[in-house]
Amino acid sequence: MSFTLEQSIGIKDMRAFFAIVEEGNISHAAQRLDVAQPALSRQMKRLEEKLNVKLFERGSRRIRLTDAGRVLYGRVESILGMVDGTVREITEIGTGAKGSVRIGTITSSGAMILPELIADFRKVYPKITFEIWEAEGARILELLDNRLIEIAVTRTQVDNINYETLVLPNEPLVMVMNKKNPCGKKKDSVKFHELQGQPLIIPLRWKPAFETNCKNLGFTPEIICVSDSTVQGLLMVKMNLGAAMIPLSSRTLLTDGDLIYKRLVEPEMTTHTVVSWLKNQTLSTSCTNFLEMFKQKFPVRG
């Protein structure tokens, strides 16, 4: 008769196995779990018998996993994470005093919004903790769909069928340049046609619209790098590799006397931040409170 992992191993066995691997030996794991060492050893022996595999290589002072043990460790880590996350979400319902707010964000939005908001939020809810995931927009929405996060902060337009959203007002895109190689006749703005022949670093999400604007003006832009990292773009400009396009609010990410910022005009390009959460998900109370503070603190586009 074959058994599934769930039939063969319970949460108690998973936590015991996980503790042993994390601590590196059974003695320390027994102290962590507040159980007797011989009892923990017998528990692991029974687990190996249930699974009909060896999980540990004996004869070493520090625990070493067999190939089967390494596979089990990966699965157990994932399962315990889901279990703990589910328990946390359930216990938070009805109370906002404790818990965690899980947020996914892109750099160009999160770095501008979250630090100040979290600081103000913790003045009111000092026991609330935060988990922040950072990635490009599509990955953040994937994490939201899989419920690994509760709030997504992106610059990606989402549908109103699956998501609730708060949309911040538009902000202009600007070109950041090294003082050694400025372009554009004006001090505070640069026209699209003045970028012709300039080495450029362009974010992936705005590359098609940027190239279309250049084509309409009769030239092909010299894009030396396409990147979704605003910080990388700023650092490349600092190294005098070219001019980079970023949202206006991102200019505070790197304060440097060698950098100058010019608004992109004729035509102008704009962007906005979108805060999203799933319509069919019951948000934790701490997350709901966080969204309420967000609405109070930041202007939302109607």
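## The α3–α4 loop and D34

D34 sits in the loop that joins α3 (26–33) to α4; helices here are DSSP runs of H or I with at least four residues, strands are runs of E with at least two, and both are numbered from the N terminus. The model is a predicted one, in which local features need pLDDT of at least 70, side-chain atom pairs count only at pLDDT 80 or more, and totals for chains, interfaces and linings use all residues. Residues are numbered from 1 along each chain as its sequence is written, and side-chain values use heavy atoms, with hydrogens and water left out.

D34 is not a glycine, yet its phi is positive, at about 60°. D34 has a relative accessible area of 69% and is therefore exposed (over 50% is exposed, under 20% is buried, and partly exposed lies in between, with a 1.4 Å probe and protein chains only).

## Helices packed against α4

Axes are lines fitted to C-alpha atoms, for helices over the stretch in contact, and angles run from 0 to 180 degrees between N-to-C directions. Angles of 65 to 115 degrees count as roughly perpendicular, under 35 as roughly parallel, over 145 as roughly antiparallel, and the rest as oblique. On the α3 side the contact involves I26, S27, A29, A30 and L33, which meet Q37, L40 and S41 of α4; contact means heavy atoms within 4.5 Å. By class, five of these residues are nonpolar, three are polar and none is charged. Ala, Val, Leu, Ile, Met, Phe, Trp, Tyr, Cys and Pro count as nonpolar, Asp, Glu, Lys and Arg as charged, and the others, Gly among them, as polar.

Helix α2 (residues 11–23) also meets α4 (residues 37–51): their axes come within 10 Å and cross at roughly 115°. That makes α2 roughly perpendicular to α4. The crossing of α2 past α4 is left-handed, a term for a near helix turned anticlockwise from the far one by less than a right angle, with clockwise giving a right-handed crossing. From α2 the contact takes in K12, D13, A16, F17 and I20, and from α4 it takes in L40, Q43, M44, L47 and K50. This contact holds six nonpolar residues, one polar and three charged.

## Helices α6 and α10

Helix α6 (residues 107–124) packs on α10 at an angle of about 115°, with the axes 10 Å apart. Here the crossing is right-handed. The α6 residues in contact are I113, L114, E116, L117, I118, D120, F121 and V124, and the α10 residues are S286, N289, F290, M293, F294 and K297. The contact has nine nonpolar, two polar and three charged residues.

S284 is in the loop between β14 (274–278) and α10 (285–297). With a relative accessible area of 1%, S284 is buried. The side chains of S284 and S286 are joined by a polar contact of 3.2 Å. A polar contact is a pair of N or O atoms within 3.5 Å; within protein, one must be able to donate a hydrogen and the other to accept it, and residues adjacent in sequence count only if both atoms are side-chain atoms.

N240 lies in the loop between α9 (230–238) and β11 (243–247). Its phi is near 65°, a positive value in a residue other than glycine. N240 is partly exposed, at 29% relative accessibility.

In the loop between β11 and β12 is S250, which is buried at 0% relative accessibility. Apart from neighbours within four places in sequence, S250 contacts S108, M112, T230 and L234. P267 belongs to the loop between β12 (259–265) and β13 (270–271), and the peptide bond from E266 to P267 is cis, with omega near 0°.

N170, in the loop between β6 (163–167) and β7 (171–178), is partly exposed with a relative accessible area of 45%. N170 and T270 are 100 residues apart in sequence, and their C-alpha atoms are 6.1 Å apart. The side chain of N170 also makes a polar contact of 3.1 Å with the side chain of H272.

D67 is part of helix α5 (residues 67–92) and is exposed, with a relative accessible area of 57%. D67 and N216 are 149 residues apart in sequence and 59 Å apart in space, C-alpha to C-alpha.
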